[in-house]
Amino acid sequence: MVPVEVLGVRQQERDQEIVVLLLDTAAELAVPIVIGAREASAIAMAQAGVATPRPMTHDLLRDLLGAVGVDLDRIEIVALDGGVFFAELVLSTGVRLDSRASDAIALAVRTGSPVLCSAEVVAAAGVEVVDMSQQREMEKFRDFLDHVTAEDFTAAGGPHEPDVGDDTPP
């Protein structure tokens, strides 16, 4: 198991899927997990510190654990099978509970518990992290290439032809 950081929730532009991104900083890989809109909202609200007037489901689970004197030691993303991520809640009592990855992450964000991911899952589902400044520069360059014309490479007033036989220095 490797520690991962919950980067946040994003909507994929190309297919409108919502993903939560887990970052393995050591391997510089991000693991995108497709989640539902409600789970995305639960994770984003917890990360932003937004309190609701009434407890949401993940708040209730956190409060229930506290009421019975049990801590969430950590959550573990343990497997990836057929595109489905499997997670476990690891309680301070040693009990392990099967969980959907999105619910486990939403609970971990609320309790401040560590999120771990199987190295095999990171290797199978991880995508290389690109530095955001590098990514912006690449997007500018791609935009430039999409719109460049031959005239963009000529000096003002047209191309410069060398004067044959001109002895004056340039």
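User: How many salt bridges does the structure hold?
Analyst: Eight salt bridges. Keep in mind that this is a predicted model.

User: Which residue does Arg-96 form a salt bridge with?
Analyst: Glu-76, and the closest N and O atoms are 2.3 Å apart. That pair links distant parts of the chain, with Arg-96 in strand β6 and Glu-76 in strand β4, 20 residues apart.

User: Is Glu-76 buried or exposed?
Analyst: Glu-76 is buried, because its relative accessible area is 5% and the cut-off for buried is under 20%.

User: OK, and what does Asp-103 pair with?
Analyst: Arg-100. Their side chains meet in a salt bridge at 2.9 Å, N to O. Asp-103 is partly exposed at 23% relative accessible area, and Arg-100 is partly exposed too, at 46%.

User: Which residues are linked in a network of salt bridges?
Analyst: Asp-59, Arg-62, Asp-63 and Arg-110. Within that group, the side chains of Arg-62 and Asp-63 meet at 3.0 Å, N to O. Arg-62 has a relative accessible area of 30%, so it counts as partly exposed, and Asp-63 gets that label as well with 37%.

User: Switching to strands. How do β4 and β5 pair?
Analyst: They run antiparallel, over eight bridges. Ile-75 stands opposite Leu-89 in β5. The two strands form a hairpin with two residues between them, and Gly-82 in the turn has a positive phi of about 60°.

User: And what about β5 with β6?
Analyst: Antiparallel again, this time over five bridges. Val-90 stands opposite Arg-96 in β6, the Arg that forms the salt bridge with Glu-76. This hairpin has four residues between the strands, and Gly-94 takes a positive phi near 95°.

User: Now the inside. How many residues are in the largest nonpolar core?
Analyst: It has 30 residues, and those with the most contacts inside it are Leu-22, Ile-33, Ile-75, Ile-77, Phe-85 and Ile-105. Helix α3, residues 101–111, gives the most to this core, with six residues.

User: What is Ile-33 in contact with, leaving aside its neighbours within four places in sequence?
Analyst: Ile-18, Val-19, Val-20, Leu-22, Phe-85, Ala-101 and Ile-105. Leu-22, Phe-85 and Ile-105 are also among the residues with the most contacts inside the core.

User: Where does Ser-118 lie?
Analyst: In the loop between β7 (115–117) and α4 (119–125). Ser-118 counts as buried because its relative accessibility is 5%, with the cut-off at under 20%. Leaving aside its neighbours within four places in sequence, Ser-118 is in contact with Met-1, Ile-77 and Val-78.

User: Is Val-68 buried or exposed?
Analyst: Val-68 is exposed, because its relative accessible area is 56% and exposed means over 50%.

Notes
Residues numbered from 1 in each chain as written. Predicted model: local features only at pLDDT ≥ 70, side-chain atom pairs only at ≥ 80, totals over all residues. Heavy atoms only, no water. Core = buried A, V, L, I, M, F, W, Y, C linked by side-chain atoms within 4.5 Å. Buried < 20%, exposed > 50% of the residue type's maximum accessible area, 1.4 Å probe, protein only. Contact = heavy atoms within 4.5 Å. Pairing = 2+ DSSP bridges. Salt bridge = Lys/Arg side-chain N within 4 Å of Asp/Glu carboxyl O.
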